[in-house]
Amino acid sequence: MTSELDIFVGNTTLIDEDVYRLWLDGYSVSDAVALRVRSGILEQTGATAAVLQSDTMDHYRTFQMLERLLHAPPKLLHQLIFQIPPSRQALLIERYYAFDEAFVREVLGKKLSKGTKKDLDDISTKTGITLKSCRRQFDNFKRVFKVVEEMRGSLVDNIQQHFLLSDRLARDYAAIVFFANNRFETGKKKLQYLSFGDFAFCAELMIQNWTLGAVGEAPTDPDPQADDMDMDLDKEFLQDLKELKVLVADKDLLDLHKSLVCTALRGKLGVFSEMEANFKNLSRGLVNVAAKLTHNKDVRDLFVDLVEKFVEPCRSDHWPLNDVRLFLNQYSASVHSLDGFRHQALWDRYMGTLRGCLLRLCHD
Amino acid sequence: MPGKLKVKIVAGRHLPVMDRASDLTDAFVEVKFGNTTFKTDVYLKSLNPQWNSEWFKFEVDDEDLQDEPLQITVLDHDTYSANDAIGKVYIDIDPLLYSEAATVISGWFPIYDTIHGIRGEINVVVKVDLFNDLNRFRQSSCGVKFFCTTSIPKCYRAVIIHGFVEELVVNEDPEYQWIDRIRTPRASNEARQRLISLMSGELQRKIGLKVLEMRGNAVVGYLQCFDLEGESGLVVRAIGTACTLDKLSSPAAFLPACNSPSKEMKEIPFNEDPNPNTHSSGPSTPLKNQTYSFSPSKSYSRQSSSSDTDLSLTPKTGMGSGSAGKEGGPFKALLRQQTQSALEQREFPFFTLTAFPPGFLVHVGGVVSARSVKLLDRIHNPDEPETRDAWWAEIRQEIKSHAKALGCHAVVGYSESTSICEEVCILSASGTAAVLNPRFLQDGTVEGCLEQRLEENLPAGCGFCHIPYDELNMPFPAHLTYCYNCRKQKVPDVLFTTIDLPMDAAVIGKGCLIQARLCRLKKKAQAEANATAISNLLPFMEYEVHTQLMNKLKLKGMNALFGLRIQISVGENMLMGLASATGVYLAALPTPGGIQIAGKTPNDGSYEQHISHMQKKINDTIAKNKELYEINPPEICEEIIGSPIPEPRQRSRLLRSQSESSDEVTELDLSHGKKDAFVLEIDDTDAMEDVHSLLTDVPPPSGFYSCNTEIMPGINNWTSEIQMFTSVRVIRLSSLNLTNQALNKNFNDLCENLLKSLYFKLRSMIPCCLCHVNFTVSLPEDELIQVTVTAVAITFDKNQALQTTKTHAEKSLQRASTDNEELLQFPLELCSDSLPSHPFPPAKATSVDYSSFADRCSSWIELIKLKAQTIRRGSIKTTVTVEKASPVGEGNFRNRSSPPCANSTVGVVKMTPLSFIPGAKITKYLGIINMFFIRETTSLREEGGVSGFLHAFIAEVFAMVRAHVAALGGNAVVSYIMKQCVFMENPNKNQAQCLINVSGDAVVFVRESELEVVSTQQPAATCQPSCTGGEVTT
């Protein structure tokens, strides 16, 4: 006796969260059944393995049918075939678009192309995440990217509107899209200590301050072109950053800057002497990073540079985080007292964001 | 020109991409009604076209309005080649033809294609302007309302129940026409869908005409079926019960009552036609008075008339059975005559209803059924379907005569079905023989007489269990005892019926789903030989199915079956029998004996041991079941606890002590003496198998109950969560070991596993009850068995349930210890309590007993008779509900204060096979939904195999039903039924085809928590109805 056909269709579509998770995690039906058996569900419910198998198959089939709709979540809301309560719809969408930290760290900043997709095998092996799940996550990134790529307006809003994600998840996707678009290098060994959260935090700051959209948000700028995109860094701004070079190129300015910072921080910093000794190196590092951002290659290496030029020196001298904060605040603020320096606004736009990023990047 | 149909095409959305080059579609719409077609403009390059068309107007006869569906076709415009069809929508405009239903159909409809399934949606608005037509010879029957619900719909009152209406129409099946060889599968499917839609329209119109002839205005319990006879044609047939219905005008007062069954019972008495009798029958007059004070007042004299339950008790022949003698007066005789004449005027005194207005059902005789095996031949003249008519007439005659044999003049819970395999067709009909109250059958002529009867004392409640036939001249062997409730009338030891449990029936404990399953191998044969073989097998199957049911019933410790439905399906090389029913313990019937196993070779020691081991297992199971279903009839508590099969001596002693107060001690004793435990003889392996299979039925996991009736006996505090579902399984038998035993085991496992899967899937709803569990079995091919289940899971409040049952049990105990005089000492309590119970006064009796005849059309009758509770019992039971009411009220209150739940957001359409929605009140019936779909695929693997294909199709069917209901302005379908699900596959060709036919009533319901009519905080006594309503909501 073999079951040829075995289905269950509810007027309200039944969604089993546990099975959904297994499905999202890319387990085959038999693996999922095995995992469910291990969870002790048979003992709890008195069911048999055959029942579990049938139930799992059924849910998998439902999810497969729903998957097409999940690719365009607004369709899930308007479709008539599956009657699903709104809270469940939200859960389906949110879980479908959720991703694994380990996976996203592997892909973050890479081009979302076929080439990368081919590497998913390796990523799967490396992270222990099933290939199927890797594919789903990768395709989600790519799909979101494709949809919002050409759109105007706020990146987060666009994602939220077209994929109906929660605010938190939409922000994460904004970061992923932003990183993919700008191809920031995140995979180098020295960046391994950074979490996705760290990068997402930086991405959000950069989107808010360094993109064309960021300028557009200012009420003073009525240029409709300006609020075009949140995804691309403001090219003009990057060009302008060259002007900051004077801060390290002009020796007087550098000395003056250093003395202003040292005066203000004397006695307040545990690592004052190290700071004093390192000031010029650090400042040179930060300003040079800015000046180099005109080249795409250097934009990609932004995080590598920041870690090399700032985070690592601080770490080797064991700067406490609070000292880093005091230093960066003073370092940014002191520039306002440099009379010979004319690019205060530019500096603030650059350093305001960078300060936030650096603080986030400074941890073990 | 009595009607103008107006259609407007508004917009489309989610259309499929029809032009690969642009990834877009140039869509336009054809709107067709009859022979007239209109077209919209082409909306270029969009998947979400906005046509916003003008109003297309069709001027048509109302005859056409009834027959024809509105056909909307969405196409993709193509300049150079033929336009491609995207899909179609058929809209049945019948709901717009009667005044109280929908006034407009407006909404998003899925665009359906028989090959691709749903492809986007279209927004359509449809209206009808009807002109009055005074033509007396008209062929249309606009205005007759149709209901699938097999009880009087919630917001109506039955003025007269006229009786049986039937009709059938036949046609050639387009799938078998010569043209089918040259047209595409799509064209063929569409021709079939359209034809069936047309035929059902015609059928409905013809039935409507019959109803008008009978001066009715509605058909209740309308059941329409298709017989796909293959080469020989397509038959669409329908049966129903013609009624004259009155819309209830005072919804406010009435509100709480409607929805939940429990509520219903209570309420009805107040509003409508409660039978005063029921209450009045009680010994104490004061009680009666009090009752009345609660009731709104106006209608009660009339109500009282319904109380004639007693009359029916008199045996029809007038021969002196003991019971008859006591009560028989000239009066009754008169009544009886009237009833009979009223019914005898009709060719078939049949009723498709399964639940009745209070007072309607007087006695129940038992299940009557008839089957007939026919050879299909080509239907030569579709306009004169005499053969098919004659077939059914024959069967109905047989049913009628069976009912007569049971001393009954009517058949209720009547239904018909067919099973077809190649050119052999089994026609089946079954129902429950019953004695009815004539009040509803004629126009109030008997009221006067009936009212007088009030004065007579009659036991209410248990009346329906009392035997309607003559004790000395019983049509079948049965053990009779005096009713355990009133002790005045005789009742059978078991009762089988096809109807729902009457509201007022006194039940102990909870009910459960009981199934008998059976397979029988049959030689492959042709034509006559095949029909003969089947005919010869049928009686044995009937007998075995019945035996299985009996055994399982006893194993559960119960004594009555409701909602019995026996399906016999025929396949190429086997017959399958599947019987489902809901077992209950009726307080009026005797405690069932146990099951004893006897071996035939007593000398063999190990064998003996084995037997005793089995016996022990069975006894344990019975004890366990009694505990599980809370069956502890107060009179014999000790007995149950002691041993499931009490020794005769002990038993008789108990009985005597019980009945001391009554003067019929000896008779009681006698009858008990006769009632031996059921003995199963294990004389061969077959019997051994039977015993094993008895024990393999696993009870549902804790927190789950199941039944195939509308409501679960013993549970009445439903909460509002419902989940309707359909589950289909097909198994392939390995052809090697096809023996009857192996088959039976496979089939049994299939059903058991299916149930287990359901329990597992729905575990998040615990505590819950699967209601209206409807199994259908078919044999689509050699070695394939298909089982389809549709049911609804309803949650209930466990705590309240426990409380209720407990109190119930306590009360019963109390009752047991008291006798009449004692009762009188608590008149106050009784009065207040009795309120809720009154509503159910009309006791229905069902009797089932069986004897099987095997003639060419084998038939059998099962009779059992049971009786509802007496007034005493009834009032006590009601007390329980009252107590329950207050906690419920609180729950209700809580609900109300909370914000509206997600469920109530726009667009959710509930579906349920029940006639009510827990926790809600149905405010309007919008019309009948009757839809037929075909789906075919030539890429089965790509669509996920057979499971993927059927899963998607059923989901689509649900979606289309919901969309039509929503477009009518409704938010639920009640009495939903999937009448057919015919699935055929050809995996080698990567093809599959499925036909599904569903129906139901589109309704508007309002959550009780949203009805702020009555403050729940009122004292329980005054706000009874509202409280009950609350119960449901929580």
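**Figure 1. Polar contacts between domain 1 and domain 2 of chain A.** In this predicted model, four residue pairs, both partners at pLDDT 80 or more, are in polar contact across the interface of domain 1 of chain A and domain 2 of chain A.

**Figure 2. The side of domain 1 of chain A that touches domain 2 of chain A.** Two helices of chain A, α1 (17–24) and α5 (73–78), each bring at least two residues to this side of domain 1. Look to α5(A) for the largest share, which is three residues. By residue class, this side of domain 1 of chain A holds six nonpolar residues, two polar ones and one charged.

**Figure 3. The area buried between domain 1 and domain 2 of chain A.** About 800 Å² is buried between these two domains of chain A, and carbon and sulfur atoms give 57% of that area.

**Figure 4. Placing the two domains within chain A.** Chain A is divided into three domains: domain 1 covers 15–78, domain 2 covers 99–208 and domain 3 covers 234–360. Taken over C-alpha atoms, the centres of domain 1 and domain 2 of chain A are 26 Å apart. Nine residues from domain 1 of chain A and nine residues from domain 2 of chain A take part in the contact.

Methods: Residues are numbered from 1 along each chain as its sequence is written. Chains are lettered from A and ligands numbered from 1 in the order in which they are written. This is a predicted model: local features need pLDDT of at least 70, side-chain atom pairs count only at pLDDT 80 or more; totals for chains, interfaces and linings use all residues. Side-chain values use heavy atoms; hydrogens and water are left out. Domain bounds come from an automatic or database domain assignment. Contact means heavy atoms within 4.5 Å. Buried area is the accessible area (1.4 Å probe) that two parts lose on being put together, summed over both. A polar contact is a pair of N or O atoms within 3.5 Å; within protein, one must be able to donate a hydrogen and the other to accept it, and residues adjacent in sequence count only if both atoms are side-chain atoms. Helices (H or I, at least four residues) and strands (E, at least two) are DSSP runs, numbered from the N terminus. Ala, Val, Leu, Ile, Met, Phe, Trp, Tyr, Cys and Pro count as nonpolar, Asp, Glu, Lys and Arg as charged, and the others, Gly among them, as polar.
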